[in-house]
Amino acid sequence: MTNSDYRRTDSGALVHKTAVIEGGVQLGNDVVIESGVRIGSGVRIGNGSWIWNDATIRSGVVIENGSWIGDGSWIGSGSKIESGVVIGGARIGDDVLIGSDARIGSGSTIGRGVVIESGATIESGAVIEKTMNPQNPQE
């Protein structure tokens, strides 16, 4: 990472020169946006979050403080990523809620409208198409 490859925003975020950010995006303090990232309109990214290379974040997404979005991740429109979440190169559908401190493994797919509970761990390569009841995983 060289300083000439990044620009600092008024909020203190560090944005790579190849990142594409649409209008109305709010970046918190100490956010880092890496190369090839694409961010849709109306996205809000909280303090201390890091968006890794080639990730795509669609419009209306909220990413709370201290979350990490891994290389090549795709986050669908209207999704909410609560604080402290780590997503490793996964595909997250539209209107998904991922609770705080959850871990989503690389290559995972989370379907539209799914809710992932706080503190959950989703293994790499998993496909989650519906919200599961943690008291009865068979539901």
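Is D95 buried, partly exposed or exposed? D95 has a relative accessible area of 40%, so this residue is partly exposed (buried means under 20% relative accessible area, exposed over 50%, partly exposed in between, with a 1.4 Å probe and protein chains only).

## About the model

This is a predicted model, in which local features need pLDDT of at least 70 and side-chain atom pairs count only at pLDDT 80 or more, while totals for chains, interfaces and linings use all residues. Residues are numbered from 1 along each chain as its sequence is written, and side-chain values use heavy atoms, leaving out hydrogens and water.

## Tryptophans together

Let's turn to the rings. Searching the whole structure gives three aromatic pairs (rings of Phe, Tyr and Trp, the last by its six-membered ring, pair if their centres lie within 6.5 Å; planes under 30 degrees apart count as stacked, over 60 as edge-to-face and the rest as tilted). One of them is W50 with W52: the ring centres are 4.9 Å apart and the planes stand at 10°, so this pair is stacked. W50 also pairs with W68, with centres 5.4 Å apart and planes at 35°, so that pair is tilted.

W50 belongs to strand β8 (residues 50-51) and W68 to strand β11 (residues 68-69), so their pair ties together parts 18 residues apart in sequence (strands are DSSP runs of E, at least two residues, numbered from the N terminus). W50, W52 and W68 form one aromatic cluster. Relative accessibility is 21% for W50, which counts as partly exposed; W52, at 26%, is partly exposed, and W68, at 38%, is partly exposed.

## Salt bridges

The whole structure holds four salt bridges (a side-chain nitrogen of Lys or Arg within 4 Å of a carboxyl oxygen of Asp or Glu). Among them is E64 with K80, at 3.3 Å from N to O. This pair links distant parts of the chain, with E64 in the loop between β10 (62-63) and β11 and K80 in strand β13 (residues 80-81), 16 residues apart.

R112 bridges to D94, with the closest N and O atoms 3.3 Å apart, and to D95, where the closest N and O atoms are 3.2 Å apart. R112 is exposed, with a relative accessible area of 59%, whereas D94 is partly exposed at 23%.

Conventions:
Helices (H or I, at least four residues) and strands (E, at least two) are DSSP runs, numbered from the N terminus.
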